[in-house]
Each structure stands twice: as structure tokens, then as C-alpha cells.
Amino acid sequence: MRLIVNGASHEVAAPDHERLLTTLRERLHLTGTKLVCGRGECGACTVLVDGAPAYSCLTLTAACDGREIATIEGLARDGELHPVQQAFVEHDALQCGFCTPGQILAAVALLDRQPHPTEDDVRRGMSGNLCRCGAYPKIVRAVLAAAEGADAHG
Amino acid sequence: MAKRFVTTKVEVEGREETKVVELPTRDPEPWGNDASLHVVGRREKRMDALEKVTGEAEYTADVQLPGMLYVALKRANVAAGRITTLDLAPALAQPGVRGGLATGDLQGIKLDGIQLFDGTIHYANQPIAAICADTLEIAERALREIRVEVEPMPHAIDAASALADDAPRVKPHGNTHRASPRVTSRGDLEAGLRDADVTIVREYRTPVALHTALEPHGAVAAWSGDRVTVWESTQGIFNTRADIAEAFELPLSSVRVVKNYMGGGFGAKNGASFAAYTAVALSRKLRRPVRCIFDREGEQTDAGNRTATVQRVTLAARRDGTLTAISLDATIPLGIGGWLSSPARMYSEMYRCANVRTSETFVFTNTAPMASFRAPGNVEGAFGLESAMDVLARELDMDPLELRRRNYADHDQERNRRYSAKHLDECYTRGAERFGWSRARSRKRNEDARVHRGVGMASICWGAGGGPPAYATVRINGDGSIEVLTGAQDLGTGARTVMAQIAAEVLGAKLEDVRTVLGDTERLPFASNSWGSITTASVGPAVRVAAEEARDALFEAAAGMLDTQPDDLESRDSEIHAKSSDRCLLFREVCEKLGDVMIIGQGSRGPNPDGTALYAFGAQFAEVEVDVETGRVRVLRVVSAHDSGRIVNPTLAESQLEGGIIQGLGYALFEERILDARMGLPLNPTMHDYKIPTIADVPEIDAFFVDIPDTVANHTGAKGVAEPPIIGTAPAIANAVMDALGVEVGEIPITPWRLAGRIGA
């Protein structure tokens, strides 16, 4: 089957029961996507499938045949960080960084759906992504700032 | 000649140890309040943020080596028992399975006092066998083929059942730790009680809480010849190295431990883990790289926890609020092993009181071993003490903050020594001001409303002064770029950034020219575990000394090139400037002229001051909303004022404060490991059922520092930041709930059902 990951096409021979998380990490060596709970409870493995956020631990690779998958590795373009990545850096919206790839992709998806979120929208939209270090206050700030920045540049 | 090696006291996680220290080559003037600093104290961006936002940061689980094998662990499904049959053969016969470990295979290796794979089951989910295969999936599937028979034995999973007359033997020598009861006493408790106008007696209960680091415990091991490299998610690379070397009878130089990035530790990752021993043993046996990473259930059930406590508290005071007696009788179940973290220390240290007695009984139970968890002991103790202080304040009809101020401790009474510095009063004042404490306290309540509001506060103290030994090297390369090398760890705290800021300050370098290299025992000089909030205060001074040595060498080289003397030179933004002639040279220009000469500065951490308590302090204020019909508590805002000496990077330090407060909020409201009472099996080993705070639970947080350098503690003036903020949160919230309802809380987490029961009662 064929996966289009971060714009590049990959032939993968994953068995039917293999989850996308495993395919990305073990076959394509894209280890930015993290395994934390493995059962859709924490959001650390969030990727975008055809632009929509998906828990890659609950997504079968076989169901992604021919679809476009975006992972954290593909977000920066030509050495230029995505505005959400940039905002996470600017606002110190991370500590250990283990949940960060999932947080960023969830934020990208949120801003795609809702380009002008309120603080409450951000809290609701990001509540499926757990962070144990407690970077939450700064994640809220970073996501709001990324939204404003997109406006300013838009 | 002055002695080269001396001893000094160092406090870590509430334990004071005597350490040998090699006196540093120089002892710089402390950076006091008036020091003119340009990089230290600045809000610089986290220097490893780029790697983290791009997914390039390599964590232990991301290490992929050619030919690497994967380990799955078979875990016990009873709380106590004897393994009568354990046959790996059917599993080993599966295609793709390469080996395994079973009873007797790690003879002589112990963790938390338990011999690994010893054929005895001490707690539910204890690993009893390991299978190693080409993929994790094959290994996990093969586990089901293992033939295992277990003879269950009677167990005791809580302190009450372990202390009962007919309790089963949890440990061969008895169910209490031999240090029990551990008693401290000063003054005359009876006299203090007689002296009092008001006495309160209460009991407080705290739960077992789980670290729930997003990156689980895990290791990758690869042998080459008679040497092994271990990648481990650890807070202590050198501790891990020592553990592995001892277990496998290797010289320290044959073990290399690497940790570049880690996904949280919070106290549970302080030495070689079960995963590391397993990976090293299997890798040696199979001569292939081996990865062993706990799955989430393993992490939630067998990777350390904060002990539960029962605290029976007596506080006695005169009418004016002066404490005359404090007594604590605490029971602390450790699980099957661990160390003796102390809730009593809050009681004996936080407030001025002449008559104090504490007693702690540590109990072994058939549950997983405890581990340090962010401010172990003080977090639990603070809930009891600070809840009781508010009850006392109510009895005295006194403002809780005023009661605390009236019992302000001006020295460490337990060990009769001075504080290096203490600005808790400043925290009280500024915290109360920013919170609007008086206004919030005097607000009229609407008793008929369904949702009640309340405010509460709590005090914080923590031994966060750090200490030796710690070493650092500063290298200036031929192009003027600078490396700070030290064997410390960055858990997500910001240590990389903080060390670079200190070096840049001393060298007069641009921060972006400095890179900090951490986490590799083979290439870096020793630094201790990143625990006890000690890294900045322990390693920072070593970095400062190393950078001074490097700067002096650089200036000496530059002086020749600028036809002047080194003391005529100053540097800023990686440029050296001669005061007398206005001539200047970039670091790069000096270094290029030096060719392959490498400027190297070495530094170490000097001793702590004698007879001095090195403490961080703080005060937290919380406002809550309680729905009296459902018992649901919502925290609206938290103000947290901290005295941790000088703050090297306020942004990163505030991130840690916020993180501590949010973990404290989880401890106050949601977090509790639950075991099945009859079988002792874990009932909530997932992130769905063990609830940590989400972004939607987070209140408005105003966390800040009074930021006064502690020049007695060490010459950078900095003390620790990481642990203090979690100490006050649960009691501040519980006190706010009591303020809202007039009902005492007494037990955390304050879940709706627990609170609804109290409201109804």
C-alpha cells in the first residue's frame, strides 16, 4: 500500500492489523510521533490524516492507503518553522517536549478548523492532549499567538 | 597548605548527606544584588526548543539500532505468591523470539531491596519473566505461550492490614521498616499542650499518586566487546552507570550511559531501572542491541509512586496564635521497598514552635515500591500541617495568613542553624497583594447559592540549596564557539539553557555562541542526579568557575594580540575590548589566531557553608468554586510567590512553577491509585482512569519570584525551583474548599463523591 507522508510517497508492506504509529516509527523511522498510552487517551501520537487530527495509535495503517499523512517532521518548510512551532518556541509552551509533537499537530488542526479561536476554544480543542510537565498555560498562549500571527501575516 | 579535600553537608529530597568535596581552584565573589549581569536573569528562549518542536529530539524510545531486539515483560497477576512453574520454552520456540529471562537469571541484582526474577511475587504486576524478539509484537504475543503456575499467598496491600495482628509476612523480617517509629522531638510537648488556650486534633489522609511521566521507564543496551552502552530515560546518568557496573561486575569505564532527552522524570528515574538491567542482560546474552521500554500499564503500576500517608496531627496555640505544641503521628506505607521520605519535616521546620514531636511508622505492603516524587514528604506533610493550620485559625477566629506570620521561623530549629537567606515574609506580602487576599477573605458569601466560592493559602519550604560534587568544563573552539560540558541532565527543566546562560555571562559571550552538552558519562565530567531541585545550585557554580578559567586564558591570549594586559580587557557579545586603547577583537578572531589551541576551563562546585540551612520558600493562594450539589471543585486561580534565590531565567523558572502547581492541582482533586481491595490488583492503570489535569482544568496562574540572590548559599546566588511549587497547592485548594463550605476536607483527592459525602454529613 502507498502512504503519502509529509508529501513523500512510501510503499509500505504493513500487515492489516498494524497501527499507523508503528508504521511511522518503526518502518519509516519518523520517531517524532510518540507512543505514550497506546489507546487514545493522551494525544501524544496525534498526526494529521488528510488534514484532520488522528490518534495514530488507534489508526490502522491499512486504512490510510493513498491518504496524506502529516507528522511533526514535515511541518517546517524549507527550514522555516510552522507558525505554531514558532509560537511554541517563543512562548516556552513545552518542558520535557515529549507531548509537544502531538500538541503542535492538534493545534495546527484546531487553527485550521477555527482560525480565530477564543481562549475557551483552545482549552476545549486541546483538551485531548495531555502534558504532565504542565506547560498548559503557555500552550494556550502559544496557540492564541499563532492564530494572531497568522492574521497579521494573512 | 590548605586542604584539598574537605567534607560538607548536602541536602537532597529532604535527606542530608555528608559529601567529600575537592575545593575548586577558585572561589569567585558571589553575584549579589548589585552584580551587573547581562545574560543571567534574562528571559532567554529554551535552547533545545527547536529540537523539541520539530520532533528531532531523540528520546530513549527513539533510539533505533541495526539488529535491535525488543523486550516484552510478563507480569504477575496476584499481589503475593510463589511461582511454582515458569517455563519459557514454548515462547522461545516461536518464530522471531531470540531469548528470555526467568527465575534465577539476574542473580544478585536487586532493585528496591528485591532480588529481580527471584521466583517470589511481592506485588501485582511485578515482572516475572522477559521475552526478547525481533519485534515488540512478536515478543508480546510470545508472552502468552509462557507456562506459568503461581501459588497465591496472603497479602497486605495497605498499612492497616499490614499492621494487623494476623497480618501475613510482607517481608521476612517484619512488616515495618526497622527505622520505625522514627521519632524527632524538641522541647516538652506535654508542657506545650498545657500552655495552650486552643488545641485541635485531626487526622489527614493522602493518596498514592503516580508520576505518570509521558515517557515511560526504558532503556536500550548495546554491547561492544566487554563494554556496554546504555541509553536510559534517567535523572542520573552517573548513578545509572554505577548501578549497571556493580550489577554486571564491570569497571565503571566499561559502562557508558547516555541520556539526551527525556520525557519527564519527576523523581522516579534516579538510577538503573528494571528495564535497564533487563536490556543489558539480554543484550549481553544475545550479542544484539536490546530495547526494553515499559508499556503504559507497566509505567502506571510498577515505576514508583508517591506514598500514601495517614497523619494524626495535634496543634496547640495560645489565644494570640503562638504555637505552643505540634505533634504528628504518621503512618506511611512504602510498598515492598523504597526509602523513608518524611512528611514530618514540614511539621518540625515550617513554623516557630518550641515543643514539637513527630513519629513516623514506615510499613511494607504488597504493592509496588514507592519512589521520590517531586518534593517527596513535604507534599504529603504540607497537606496535613497546612490543613490543620487553617482549622486552628478558624478556632482562633484569625486570618490564616496572620496565624502563619505570627509563627514565622527565623532559623532552622530542628538543627539549630541559621538560614542562608529567607524571604518567606516577602512571599506572604507580595503573594497576598497580587491575590487580593484581604479583599477576597472579607467578601460576603451567598449561603443559598448552589456554587460557593472560597479562598485558601499555604506555606512552602524545601531544602533546595544543592551542593558538591559537580564538575564542568568550558571549551572554546577555534572558531570562537563555546561548549559547556557537564554530566548533568535536563529533564525538561531548562538546565541546558541555564548552564549556557551562566557560561555566557562569565565569558561575555553571545548566548547563541554557547552550547551545553549533557547526559553522557563517557564524555562528560561528573554531576549528580537531577533531583531535589539541585541542578542549578549544584552545577551552576561549577560552570561559573570553568567559564572564569576559560575567560582568563582567552583574555591572556587576546592581551598579547592587543598589546595590553589581561586586566585591561572586558568582553561582551563575544567581543573582547581593551579599555585603554578601544581596540577590540571578536572571540573568533582570537581563536583563529590560536589555531588548534583549545581553550579549556575546568570548574567544580565548592562546599556548602557550615551550620547553615539552604532553603527555598514560598506561599500559595488559591480561589475555588464548589458546586454544593455535585461536590465538584473548580480552581479559579492560583497565585504563587517564591523565594528561590536568584532566578537565572525567569521564563523557564515560571514554567516550572506552573507545572508544579498543575501537578499539585491534580494531587488535590483527581489523582489516586486505586487497588482492588480483595485481590490487590491495580484498577486504574491507564491515563483515562488515573486522571492527571488536562488543559481544561488549568486555572489562571500567577506564579512569580521575589528574586533576591542568596549569596550565602553559593556564588551564583541561585537555589532550586522545581519542587517547591507542588508543595503548597493541595493544602491551599483544600483550605479554599473549607472556606467555601465551612466543611473540613481531611482527605485528598477532593473528588466530587468524597466531598458530596462530607457536605451531606
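This is a predicted model: local features need pLDDT of at least 70, side-chain atom pairs count only at pLDDT 80 or more; totals for chains, interfaces and linings use all residues.

**Entry 1: a helix and its cover.** I began where the buried residues of α1(A) pack, and their partner is β3 of chain A. Helix α1 spans residues 20-27 of chain A and is mostly covered, with six of its eight residues buried. I wrote down the buried ones as A:L20, A:L21, A:T22, A:T23, A:L24 and A:R25. Just after α1(A), I found A:H29 with a positive phi of about 60 degrees.

**Entry 2: the domains of chain A.** Next I checked the domain assignment, which gives domain 1 (2-74) and domain 2 (83-153) for chain A. I read 21 Å between the C-alpha centres of domain 1 and domain 2 of chain A. Their contact takes 14 residues from domain 1 of chain A and 13 residues from domain 2 of chain A. On the side of domain 1 of chain A that touches domain 2 of chain A, β3 (46-49) and β4 (52-55) of chain A each supply at least two residues. The largest share of that side, three residues, comes from β3(A).

**Entry 3: two packed helices.** I then turned to helix α2 (residues 83-90) and helix α3 (residues 100-113) of chain A, which pack at an angle of about 125 degrees with their axes 9 Å apart. I therefore noted α2(A) and α3(A) as oblique to each other. The crossing in which α2(A) passes α3(A) is right-handed. From α2(A), the contact uses A:V84, A:Q85 and A:F88, while α3(A) brings A:T100, A:I104, A:A107, A:V108 and A:L111.

**Entry 4: where the chains meet.** How many residues does each chain give to the contact? I found 42 residues from chain A and 41 residues from chain B. On the side of chain A that touches chain B, α2, α3, α4 (119-125) and α5 (136-153) of chain A each supply at least two residues. The most comes from α5(A), with five residues.

**Entry 5: the core.** I looked up the largest nonpolar core and found 292 residues in it. Those with the most contacts inside it are B:V71, B:I131, B:A279, B:A503, B:I733 and B:V737. Helix α15 (residues 535-561) of chain B gives the largest share of this core, twelve residues. Chain A takes part too, as this core draws at least three residues from each of domain 1 and domain 2 of chain A. I followed up B:A503: leaving aside residues up to four places away in sequence, B:A503 touches B:V474, B:I482, B:V484, B:V514, B:V543 and B:A547.

**Entry 6: backbone exceptions in chain B.** A reminder for this page: most residues other than glycine have a negative phi, and most peptide bonds are trans. I found a cis peptide bond joining B:S180 and B:P181, with omega about -15 degrees. B:P181 lies in the loop between α4 (159-163) and β11 (182-186) of chain B. The bond from B:I748 to B:P749 is also cis, with omega near -5 degrees, and I placed B:P749 in the loop between α19 (729-741) and α20 (752-760) of chain B.

Then came the positive phi values. B:N125 has one of about 75 degrees, in the loop between β8 (120-121) and β9 (127-133) of chain B.

Notes
Residues are numbered from 1 along each chain as its sequence is written. Chains are lettered from A and ligands numbered from 1 in the order in which they are written. A nonpolar core is a set of buried Ala, Val, Leu, Ile, Met, Phe, Trp, Tyr and Cys residues joined through C-beta atoms within 7 Å. A residue is buried if 20 or more other C-beta atoms lie within 10 Å of its own, exposed if 12 or fewer, and partly exposed in between; C-beta atoms are placed from the backbone. Helices (H or I, at least four residues) and strands (E, at least two) are DSSP runs, numbered from the N terminus. Domain bounds come from an automatic or database domain assignment. Two residues are in contact if their C-beta atoms, placed from the backbone, lie within 7 Å. Axes are lines fitted to C-alpha atoms, for helices over the stretch in contact, and angles run from 0 to 180 degrees between N-to-C directions. Angles under 35 degrees count as roughly parallel, over 145 as roughly antiparallel, 65 to 115 as roughly perpendicular and the rest as oblique. A crossing is left-handed if the near helix is turned anticlockwise from the far one by less than a right angle, and right-handed if clockwise.
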